[in-house]
Amino acid sequence: MGNLIATRPPQPWTAPTASDPVAATLRLPGSKSMTARALVLSALAGGPSTLAGPLRARDTELMAAGLRAMGAHMSISDDERWLVRPHPLVGPAHVDVGLAGTVMRFVPPVAGLADGRITFDGDPQARTRPLGPLIGALRSLGARVDAPATGSLPLTVLGTGRVAGGEVVIDASASSQLVSGLLLAAPRFDRGVVVRHVGPPVPSAPHLRMTVQMLRAAGAAVDDGTPDVWVVEPGPLTGRGWQIEPDLSGAVPFFAAALVTGGEVTLQGWPRSSAQPVEQLRSLLQRMGGEVTLSTDGLTVRGTGAVHGIEADLSDVSELTPALTALAMLADSPSVFTGVGHIRGHETDRLTALAREFAALGADITESPDGLEIRPRPLHGGVFETYHDHRMAHAAAVAGLAVPGIELSDVGCTSKTMPEFPALWSALVTGKS
């Protein structure tokens, strides 16, 4: 089991209970994953870039602040359109990663290209998140990195303005971000990079595909035709306009609300062709009793009045595990989720945290090394510890739709990716905006 760090603010937030089917059309914030990648690629490009519809939240603001600290010009005062003007990267600078995996794994390779000393640290829990494979890879590619023997934060990159690059072998089974971080900066390395993954399967494969797609959109030459091998050629990146999609992971609790209440939720602004794992989500929600359609109105999920348990490998969509676990609690049959052992190294040990908190509400839930088994039975209210983890808060909110009296210890942790979540959620349930 991983480390669980729990603190309890004095005023819990009571999750609203739904008395009627929800009916809402929403426009949610932009994708965290796309915003983070666009910021890095824009900071490394040869000209200015814009981000339309970016996510303004703690993780993305920390990303922008870290790149700005090294010299990139970031204009993010306009919520709808951010402007990035690249500039030579220099130190000394300090990067606060907060609790953001994207910042702690995407920015150190960029720091190797800076001329000067770049230090990294973050929230106390951030020091437990796996960074060792990335640190080793950067050293083998020619970057100087000072870090604890534990392969964790705090760390220092002693940048010389260039990274040699070349071939590197890495075990990225803990997080696909370990590969994405290397790939995003690789076009600026002298020899580019060849990344070979050796070990258990890399989780969250759709996120790696997003990295490759966005690199190519910025002008990089990327070959991902061989399984577990990624080749990025050295070359310039082009400044461009990025249209950021709505955040699919952030939308899942709202879609789950449609299933729980037998209602309907439409997410506006959804593209016909998405870089996010829409088809995997569609399949999961349909198997659990939802109807999913994509039209000019957006992505719509309708509840059918029943929620079904399922067996599913969630390795490609592990971010959805907490919300789907809450949904499974309210199903008419058991569920088994596998393939998500790596989420023990996320903001908290999510498997242990989910099992512990739902068991405290009366659930019959068992954790395995790589997943959860859920046998639905009636739940009762109580305080649900969020462990500073936005996805834990989402899970508690979904369960609260059907179970009165669930109190989130800290709903404020949702500001990590969606500061407006409490207001949006309350409006969804009450029907009042």
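A: Happy to! Let's start with helix α7, residues 248-261, and helix α12, residues 421-430: in this predicted model, the two pack with their axes 12 Å apart, at an angle of about 15°. Angles under 35 degrees count as roughly parallel, and therefore α7 and α12 are described as roughly parallel to each other. Their crossing is right-handed. On the α7 side, the contact is made by P253, F254 and A257; on the α12 side, F421, L424, W425 and L428 take part.

Among the contacts of S31 beyond its neighbours within four places in sequence are I244, E245, P246 and D247. L55 and Q276 are also in contact with S31. S31 itself sits in the loop between β2 (23-26) and α1 (32-43). Its relative accessible area is 0%, so S31 counts as buried. The S31 side chain also reaches the backbone nitrogen of M34, at 3.0 Å.

One more stop is a sheet. Three strands form an open sheet in the order β1-β23-β22, and their pairing is mixed. The edge strands, β1 (13-14) and β22 (382-384), each pair on one side only. Strands β1 and β23 (residues 406-408) run antiparallel and are joined by two bridges. Within this pair, T14 stands opposite E407 of β23.

Notes: Residues numbered from 1 in each chain as written. Predicted model: local features only at pLDDT ≥ 70, side-chain atom pairs only at ≥ 80, totals over all residues. Heavy atoms only, no water. Pairing = 2+ DSSP bridges. Helix = DSSP H or I, 4+ residues; strand = E, 2+ residues; numbered from the N terminus. Buried < 20%, exposed > 50% of the residue type's maximum accessible area, 1.4 Å probe, protein only. Polar contact = N/O pair within 3.5 Å; in protein donor to acceptor, adjacent residues only side chain to side chain. Contact = heavy atoms within 4.5 Å. Axes fitted to C-alpha atoms, helices over the stretch in contact; angles between N-to-C directions. Parallel < 35°, antiparallel > 145°, perpendicular 65-115°, else oblique. Left-handed = near helix turned anticlockwise from the far one by under 90°.
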